[in-house]
Amino acid sequence: MNILISIKRVAGASGRITLTDDAQAVDARHVGYTLSPHEECAVELAVQTVEAHGGAAAVLSVGVEDVVDQMRDALSVGVGSGVLVEADASTWAPGDVAAAIAEVVADHAAAGTSYDLLLFGNEAADTGDFQVGIAVAHRLGLPCVTGVKAFEVTEAGVTARRDGPDGVEVFELPLPAVLTVRDGAVIPRYPSVPGRIKAKRAPIERLTPTISPVGNGRIRLTVPPEVPSTVEVLGTGADAAVAAVDLFERLGLLSR
Amino acid sequence: MILVLIEAVAGAAAPLSLEAVHFARDLAAKIGAPVEALVVGGAGGDLVGQLGEQGVSRVHHAQADGFDSYSAAAWASALEDRVTALSPQFVLAAASARGNEIVAHLAVRLERPMATNCVTIEPGEQITATRQIWGGAALEELHLEQSPVLLTMASHAAGVEPADQPTVPEVVAFAPELRAGDLVARVVRVEAGEGGGSDLAAARVVVGGGRGVGGADSFDSLLDLAALLGGTLGVSRVVTSQGWRPHHEQVGQTGTRIAPDLYVACGISGAIQHMAGCQSAKTILAINTDAGAPMVAKADYAIIGNLHEVVPAIAAEIRRRTS
Ligand SMILES: Cc1cc2nc3c(=O)[nH]c(=O)nc-3n(C[C@H](O)[C@H](O)[C@H](O)COP(=O)(O)OP(=O)(O)OC[C@H]3O[C@@H](n4cnc5c(N)ncnc54)[C@H](O)[C@@H]3O)c2cc1C
Ligand SMILES: Nc1ncnc2c1ncn2[C@@H]1O[C@H](COP(=O)(O)O)[C@@H](O)[C@H]1O
């Protein structure tokens with residue numbers, strides 16, 4: 001079982017967002033970088049699958065050298081190798097990123113390494129385009145299920161499950177296949193010290209894409225104006241319980 | 001023409017699809033074009049009447065054997081058929097799981113850009129859109145290529161509102177040709193779920209717990225308060241990633257989006273990704289030891305204190321008044 005997980009490095013903002021001076025990006029100077037929880041779950045699912053069925057997992061990112069930090073995180077929890085597709089993809093359309101990833105997959109196949117599963121996050125943590133996985137599948141002529149929470153490899157291929165409007169939707173696909181993963185069914189493991197050491201030595205292949213990007217049409221980013229706080233403090237500690245229940249009564253939430 | 005993809009649930013249009021129709025109507029008024037709708041597979045109930053109330057002029061109804069179970073690629077083939085036949089200027093869907101994936105399939109086939117989670121569209125020579133990124137904590141303004149412009153609409157970018165001039169839509173049945181690969185990734189069966197996510201989305205009261213709760217075995221008082229208020233428990237990502245509570249209880253950008261009358265956020269700091277899931281709550285009561293926590297600033301009401309003292313005291317007071 002060969003698995004390739006595509007990850008995107010994003011600013012780790014959790015408080016109010018600040019933008020770079022040119023308003024083209026989120027300023028990450030004070031918040032650091034992270035991965036989407038969806039992609040962390042994709043890494044975890046890949047590692048579990050390789051543990052159960054053998055084979056290898058590799059992690060890929062399209063970006064500048066810095067993304068190697070996030071690749072090392074994946075390499076420290078059981079992913080074997082990395083592929084850095086070197087390009088400043090910040091102005092790229094999701095279709096451009098997909099073209100670059102599809103190119104790598106095709107080149108690897110030509111060189112004798114083919115992947116049974118291509119895993120993505122359901123959507124990127126920052127831009128939320130919902131497209132890269134689907135676009136890669138289309139380019140490679142593979143079936144694709146989005147929003148997958150868990151999957152199992154079977155004799156026939158892969159069985160994937162996701163939440164749907166009427167319950168849990170089950171898909172049965174032949175391999176190779178593309179799955180985009182949603183946070184939820186697994187808890188990403190923390191790296192161990194030996195894992196960290198191993199990650200430092202793990203091989204990272206560096207490639208230059210040959211695609212001609214279309215671009216994402218971005219004019220600028222904005223941050224909605226901060227709404228002034230209108231909070232009413234009901235009190236401090238257990239004594240405030242009376243005021244809280246008065247509030248619930250006013251909202252008509254108490255039944256007698 | 002503006003074509004809107006309609007998702008139907010039990011014979012009725014999904015509320016988010018109706019929001020997309022309302023949005024399309026406002027856009028249609030600006031460019032002087034009609035709004036038409038696409039329904040795929042079963043269109044029972046009074047779906048067409050419902051779309052008439054929304055001012056839709058024509059309803060395209062795709063029927064084929066392949067549509068009895070859901071597959072994004074097949075649904076995209078239905079949409080592609082109408083786009084080829086009718087050359088709409090805009091194709092809109094709700095930014096739901098299905099809306100996003102179906103339009104994304106269409107986008108790659110047509111080799112067109114697609115913008116998800118849009119909140120505004122400025123038509124004209126050069127079309128610009130504004131879309132939510134970072135779960136709505138920031139916005140992106142972008143140029144979009146013409147014809148068709150492919151968009152999904154952020155939830156609550158428009159409300160559901162009937163049209164001033166209701167219509168009796170003409171129904172156009174058609175049988176799109178499905179591609180060979182369309183049905184490979186299709187739903188082969190639906191299993192009963194944990195149910196939590198949908199209960200949470202519809203709950204009138206949600207009692208939320210975050211890192212401040214402290215551990216897996218410390219949720220009793222929150223569950224008790226939720227039960228007293230006829231509500232349900234919601235949690236932050238710290239809680240699910242610690243394994244304290246199951247993921248279907250998670251509120252936020254990567255969890256469930258809630259819209260209760262009351263959200264009691266206990267020991268939750270109010271990170272943007274959490275707020276993305278609870279900003280539609282009508283009233284937020286924050287219970288936090290830190291008066292400076294973002295959740296306190298964003299709440300309507302706050303109690304500054306230890307949740308393990310405050311929550312049981314509230315429960316006792318409710319029991320005192322209701323017994
Ligand atoms: C792409 C992405 C997606 C994400 N998606 C989600 C998501 O869907 N949902 C989500 O929740 N998070 C999400 N997160 C994580 C988010 O950024 C925060 O890390 C998380 O919400 C913090 O959880 P918390 O508020 O429980 O913990 P903390 O931020 O640690 O806050 C704990 C709070 O509890 C208070 N407290 C401590 N002890 C007590 C006590 N005894 N009584 C009262 N108050 C107390 C503290 O003052 C503090 O305010 C996401 C992050 C990323 C990068
Ligand atoms: N620059 C990138 N490099 C590698 N993978 C990416 C990149 N951008 C997006 N992806 C992957 O595609 C998924 C969906 O991204 P998007 O379509 O942009 O929302 C992400 O969760 C990642 O798994």
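**Ligand sites and chain contacts**

Mentor: A polar side-chain atom of Asn306(B) lies 3.0 Å from a nitrogen atom of ligand 1. Keep in mind that this is a predicted model.

Trainee: Which side-chain N or O atom is 2.7 Å from an oxygen atom of ligand 1?
Mentor: One belonging to Gln273(B). There is also a backbone contact: a polar backbone atom of Gly267(B) is 3.0 Å from an oxygen atom of ligand 1.

Trainee: How much of ligand 1's accessible area does the protein cover?
Mentor: 82% of the 990 Å² that ligand 1 has on its own.

Trainee: How many residues surround it, and which are closest?
Mentor: Ligand 1 has 29 residues around it, and the closest are Arg211(B), Ser236(B), Ser269(B), Gln273(B) and Asn288(B).

Trainee: Why is the site of ligand 1 called shared between chains?
Mentor: Because the residues surrounding ligand 1 come from chains A and B.

Trainee: OK, ligand 2. Which residues come nearest?
Mentor: Ser6(A), Glu39(A), Gly121(A), Ala124(A) and Gln131(A), out of 19 residues around ligand 2. The side chain of Glu39(A) has an N or O atom 2.5 Å from an oxygen atom of ligand 2.

Trainee: What about backbone atoms?
Mentor: Val62(A) has a backbone N or O atom 2.9 Å from a nitrogen atom of ligand 2. For Val132(A), a backbone N or O atom is 2.8 Å from an oxygen atom of ligand 2. The protein covers 98% of the 480 Å² of accessible area that ligand 2 has on its own.

Trainee: Which element gives the most to that shell around ligand 2?
Mentor: E4(A), with three residues. Strand E4 (56-63), helix H3 (94-110) and strand E6 (117-121) of chain A each supply at least two. By class, the shell has nine nonpolar, six polar and four charged residues.

Trainee: Switching to the interface: how many residues of chain B are in contact with chain A?
Mentor: 72 residues of chain B, in contact with 80 of chain A. The two chains bury about 6,300 Å² between them, with 59% of it on carbon and sulfur atoms. Trp134(B), Glu141(B) and Arg321(B) supply 13% of the area chain B buries against chain A, more than any other three residues.

Trainee: Last one: is Leu144(B) buried or exposed?
Mentor: Leu144(B) counts as buried, because its relative accessibility is 5% and the cut-off for buried is under 20%. Leu144(B) sits in strand E9 (residues 138-144) of chain B. Beyond its neighbours within four places in sequence, Leu144(B) is in contact with Ala115(B), Ile127(B), Ala129(B), Val149(B) and Leu151(B).

Technical notes: Residues are numbered from 1 along each chain as its sequence is written. Chains are lettered from A and ligands numbered from 1 in the order in which they are written. This is a predicted model: local features need pLDDT of at least 70, side-chain atom pairs count only at pLDDT 80 or more; totals for chains, interfaces and linings use all residues. Side-chain values use heavy atoms; hydrogens and water are left out. A residue is near a molecule or strand if one of its heavy atoms lies within 4 Å of it. A polar contact is a pair of N or O atoms within 3.5 Å; within protein, one must be able to donate a hydrogen and the other to accept it, and residues adjacent in sequence count only if both atoms are side-chain atoms. Accessible areas come from the Shrake-Rupley method with a 1.4 Å probe; for residues, only the protein chains shown count as cover. Helices (H or I, at least four residues) and strands (E, at least two) are DSSP runs, numbered from the N terminus. Ala, Val, Leu, Ile, Met, Phe, Trp, Tyr, Cys and Pro count as nonpolar, Asp, Glu, Lys and Arg as charged, and the others, Gly among them, as polar. Buried means under 20% relative accessible area, exposed over 50%, partly exposed in between (1.4 Å probe, protein chains only). Contact means heavy atoms within 4.5 Å. Buried area is the accessible area (1.4 Å probe) that two parts lose on being put together, summed over both.
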